[in-house]
Amino acid sequence: MNETIADVTIPDTALVRGATDLVREAGSPLLFNHCRRVYLFGSLKGRHRKLEVDPELLYVGAMFHDLGLTERYRSTDQRFEVDGADLARDFLLDHGHSSADARAVWLGIALHTTPGVPNHLEPETSLVSAGVETDVLGWDLDEISPENIAEVVEAHPRPNFKREILRAFTDGMKDRPSSTFGTMNDDVLAHFVPGFVREDFVDIIMSSDWPE
């Protein structure tokens, strides 16, 4: 049977069940609950913005967006967002979805820490970021009713979430610090990893091999 939370339906399909099981097994309860809230908040914001979205694709994007932070799926040579995006793309293709569907979800995950870009793309891409921005940053909470917020949080609680998600970010990125260059992720490592030094964009330009 379909599950409904805050008037948002979680489809009862093989794809959705597979995504749910994979994330539940790979991630902590913290990440699982966060990813479900991202789907629910993204769906509610999409409704507020009058966007038509494929719920299965949004669900996979929301559920896979932080898999690159997990011990099972994180790499050491690329951004954690790309780890999750690659996994989602392969998952969708393996389940018979088109390359266009897989690409839209890939972009939603890869760009979910790049504010200002995803909202110009397809709803299946943009609403992953919208859900993340609400759950992590508290942005645009006024687009969701207090009743719906309460129902989402009751279903998927967020105890000590601010500190715990920052710890998950740190643990997932501290072994690949160079991957955070040019992103907000280097804020996390600068705050929590002793000895981390940000690469400076201006210094890179000024010290390049160009002679002038």
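A residue counts as buried when its relative accessible area is under 20%. The views below come from a predicted model.

**View 1. Ser-129 is a buried residue of helix 6.** Helix 6 covers residues 123–137, and Ser-129 is found in it. The relative accessibility of Ser-129 is 3%, so this residue counts as buried. Which residues does Ser-129 touch, leaving out those up to four places away in sequence? They are Gly-108, Leu-111, His-112 and Pro-118.

**View 2. Helix 1 meets helix 3.** Helix 1 spans residues 14–26 and helix 3 spans residues 55–64. Their axes come within 10 Å. The crossing angle is roughly 5°, so helix 1 is roughly parallel to helix 3. Helix 1 brings Leu-15, Val-16, Ala-19, Thr-20, Leu-22 and Val-23 to the contact. Helix 3 brings Glu-56, Tyr-59, Val-60, Met-63 and Phe-64. By class, the residues of this contact are nine nonpolar, one polar and one charged.

**View 3. One cavity of 30 Å³ or more is found in the whole structure.** The largest cavity holds about 40 Å³ of space. Which residues line the largest cavity? Val-23, Gly-27, Leu-31, Cys-35, Met-63, Asp-66, Leu-67 and Thr-70 do. Five lining residues are nonpolar, two are polar and one is charged. Val-23 and Met-63 line the cavity, and both also take part in the contact of helix 1 with helix 3.

How values were computed: Residues are numbered from 1 along each chain as its sequence is written. This is a predicted model: local features need pLDDT of at least 70, side-chain atom pairs count only at pLDDT 80 or more; totals for chains, interfaces and linings use all residues. Side-chain values use heavy atoms; hydrogens and water are left out. Axes are lines fitted to C-alpha atoms, for helices over the stretch in contact, and angles run from 0 to 180 degrees between N-to-C directions. Helices (H or I, at least four residues) and strands (E, at least two) are DSSP runs, numbered from the N terminus. Angles under 35 degrees count as roughly parallel, over 145 as roughly antiparallel, 65 to 115 as roughly perpendicular and the rest as oblique. Contact means heavy atoms within 4.5 Å. Ala, Val, Leu, Ile, Met, Phe, Trp, Tyr, Cys and Pro count as nonpolar, Asp, Glu, Lys and Arg as charged, and the others, Gly among them, as polar. On a 1 Å grid over the protein atoms alone, a cavity is a set of points where a 1.4 Å probe fits but cannot get out, and a pocket is an open set with protein on both sides within 12 Å along at least five of seven lines; lining residues have an atom within 4 Å of a point. Grid points are joined across faces, edges and corners, and a volume is the space filled by probe spheres set on the points. Buried means under 20% relative accessible area, exposed over 50%, partly exposed in between (1.4 Å probe, protein chains only).
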